[in-house]
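Q: I would like to learn how to read the features of a protein model, one at a time. Could we begin with the sheet?

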Amino acid sequence: MTEGIPVLDMVRVSARLEHSNSPLIGSNCPRIISPGQRCKIGIIPAYIHRPGPIGAVSRSGTLTYEAVWQITQRGNGQSTCVGIGGGQVIGMTHLGIIMMLNPDSKTEAIRVIA
């Protein structure tokens, strides 16, 4: 989590990741979860997720949780959900996440919260 980490430190992290195969998700966000796949990175609450065919991406952590909860309450589940954050150092974007989810055979629809 990047909350409380100086911006210049995150700029250095971002620069190092540009030359790697590792994406930066964030900064200042709940991160990523793929329910049923044992993949959870960050503070995103697992108990509101269920495995299913809907991907989700949002800049806001709270809106990510609300969107996921609505999907779950309607009897659907999620393939992968990503909170990309709104910090000063920009990692992956909405479009980058959509491009990641689009070829995923487990994702049939993507809910985008701008």
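A: Two strands pair if DSSP finds at least two bridges between them, where strands (E, at least two residues) and helices (H or I, at least four) are DSSP runs numbered from the N terminus. In this structure, strand 3 (residues 51-58) and strand 5 run parallel and are joined by 5 bridges, and I54 has A109 in strand 5 as its bridge partner. This is a predicted model, in which local features need pLDDT of at least 70, side-chain atom pairs count only at pLDDT 80 or more, and totals for chains, interfaces and linings use all residues. Residues are numbered from 1 along each chain as its sequence is written, and side-chain values use heavy atoms, with hydrogens and water left out.

Q: In what order do the strands of the open sheet lie?
A: Strands of a sheet pair through backbone hydrogen bonds, either parallel or antiparallel. Here the open sheet of 5 strands has the order 2-1-4-3-5, with mixed pairing. Strand 2 and strand 5 (109-113) stand at the edges with a single partner strand each, so one side of each has no neighbour in the sheet.

Q: Which residues of helix 3 are buried, and which are exposed?
A: Buried means under 20% relative accessible area, exposed over 50%, and partly exposed in between (1.4 Å probe, protein chains only). In helix 3 (residues 94-101), the buried residues are H94, I97 and L101; they lie on the same side of the helix because they cover an arc of only 70° around the axis, the arc being that of the directions from the helix axis to the C-beta atoms. L95 and M99, on the other side of helix 3, are exposed.

Q: How many salt bridges does a search of the whole structure find?
A: A salt bridge is a side-chain nitrogen of Lys or Arg within 4 Å of a carboxyl oxygen of Asp or Glu. The search of the whole structure finds 1 salt bridge, and the side chains of D9 and R12 meet in a salt bridge at 2.6 Å, N to O. D9 and R12 are 3 residues apart in helix 1 (residues 7-17), which means that about one helical turn separates them.
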